[in-house]
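Have the viewer open while you read.

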Amino acid sequence: MTSVTASFGYAGISLGLVRSSATLAAHLDNLETQSSTGIVSDTYAGLGADRAQALSLQPAITQISAWSNNVSLAQTNLSTTQTALGNIQSIADTLTTSLETLSGTPTSQTVSAASAAAKEALSSLGGLLNTQSGGSYVFAGRQSDVPPVEDTALAQSSLAETISDLVNRDDMSDGQTVLSSTLSAVSSTTAGAPFSAQLSVSPAAAATLNTVTNIGESLSVAIGVTATQGTSATATSSGSPIRDLMRNLMVVASLSSTSTTAEGYQTLISGLIQSNTNVTGQLTDMSADLGLTQTRLTAQSSLLSTMSKSLITQLGNAKDADLASVSTAVSQTKTQLEASYSLIADMKGMTLANYL
């Protein structure tokens, strides 16, 4: 009888209580972890039935984050490009004003001042074309690590020397010939004259070299402006507004020793004014196109932000613990565990008489 009672008491009830207490203790640890971390489990396996949803949501959130980062970088690039393009347009506007002072029969002092200003503007233009954003050249296109202009000292470049020779040849006897020959010189696609090899292409080809970035599912956008991009060349334009502006500045920079009474002088100045008017119009169009891209990116950024918040909320529903319920469960489990420990302690003090 004694052996039966002892076996039942200690090997049966006592062992069951110990195991139950161990289970309660493990459950309490899990609840307290949920309370401190705010999540049901730090592993997908611990999420139970919600793990499939969590597994599908996380990659989607990561992808949206990558797209959002692309949009942010593109917006920064475009903002920098807009500022630089605005400064280039200011150079063009100033040149138009300068050209107007050169109409008629200007004094030699006026011509010299305009020539000096054009040389300074060429230096500024070279620097602006090599503008960087985050270490990338914004006017370089896809090969953004290569500067668009190899030597920013444009006023001393080989192209400037070539144009100066053309301007001062034959004492400006034929202004139209000077306009045509200088336009041919600046339209050259020979690398280093003065643009990098990648940009020494036709304006239409240069327009296809813009950086393309992914901003959504099967959605990409071309970012920025390349230094030599434009449209088809005409008799009065290279097709690239920046090339034309460069030509116009270099011609004016070469006028310091030119006679304003020469037969071709007025034809030359009139042609430059017409050319520069077209340049400012094309630069305005470029800026407007950039603005449209910026607006598109802003809308996409807002959409991606909304999508991300929605998915994060769904993931939270799958992973986040209900802290109010957890707090109640912690209290109840502690009570149960204390009761279990109390019973085990009481059973250790029992004697045979307690069973009889």
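## A serine in α8

Let's start with S275, which sits in helix α8. Keep in mind that this is a predicted model. Is S275 buried or exposed? Its relative accessibility is 4%, under the 20% cut-off, so S275 counts as buried.

And what does S275 touch, once residues up to four places away in sequence are set aside? The list is T236, D244, R247 and N248.

T236 belongs to the loop between β4 and α7. With a relative accessible area of 42%, T236 is partly exposed. Skipping neighbours within four places in sequence, T236 is in contact with L183 and R247 as well as S275.

## Where α5 meets α7

L179 and L183 turn up again here, on the α5 side of a helix pair. Together with T182 and V186, they meet R243, D244, M246, R247 and V251 in α7. By class, that contact has five nonpolar, one polar and three charged residues.

How do the two helices cross? The axes of α5 and α7 come within 9 Å, at an angle of roughly 130°. That makes α5 oblique to α7. The crossing is right-handed.

## The largest nonpolar core

The largest nonpolar core has 66 residues, and those touching the most other members are I88, L102, L125, L129, L245, M246 and L249. Elements giving two or more residues to this core include α2 (51-101), α3 (108-129), α7 (241-253) and α8 (265-319), and one strand in that list is β4 (219-223). Which element gives the most? That's α2, with 14 residues.

For a closer look, pick I88. Not counting residues up to four places away in sequence, I88 touches L125, L128 and L129, along with F139, I242, L245 and L283.

Last stop: S218, in the loop between β3 (211-216) and β4. Its phi is near 55°, a positive value in a residue other than glycine. Most residues other than glycine have a negative phi. S218 has a relative accessible area of 78%, so S218 is exposed.

Conventions
Residues are numbered from 1 along each chain as its sequence is written. This is a predicted model: local features need pLDDT of at least 70, side-chain atom pairs count only at pLDDT 80 or more; totals for chains, interfaces and linings use all residues. Side-chain values use heavy atoms; hydrogens and water are left out. A nonpolar core is a set of buried Ala, Val, Leu, Ile, Met, Phe, Trp, Tyr and Cys residues joined through side-chain atoms within 4.5 Å. Buried means under 20% relative accessible area, exposed over 50%, partly exposed in between (1.4 Å probe, protein chains only). Helices (H or I, at least four residues) and strands (E, at least two) are DSSP runs, numbered from the N terminus. Contact means heavy atoms within 4.5 Å. Axes are lines fitted to C-alpha atoms, for helices over the stretch in contact, and angles run from 0 to 180 degrees between N-to-C directions. Angles under 35 degrees count as roughly parallel, over 145 as roughly antiparallel, 65 to 115 as roughly perpendicular and the rest as oblique. A crossing is left-handed if the near helix is turned anticlockwise from the far one by less than a right angle, and right-handed if clockwise. Ala, Val, Leu, Ile, Met, Phe, Trp, Tyr, Cys and Pro count as nonpolar, Asp, Glu, Lys and Arg as charged, and the others, Gly among them, as polar.
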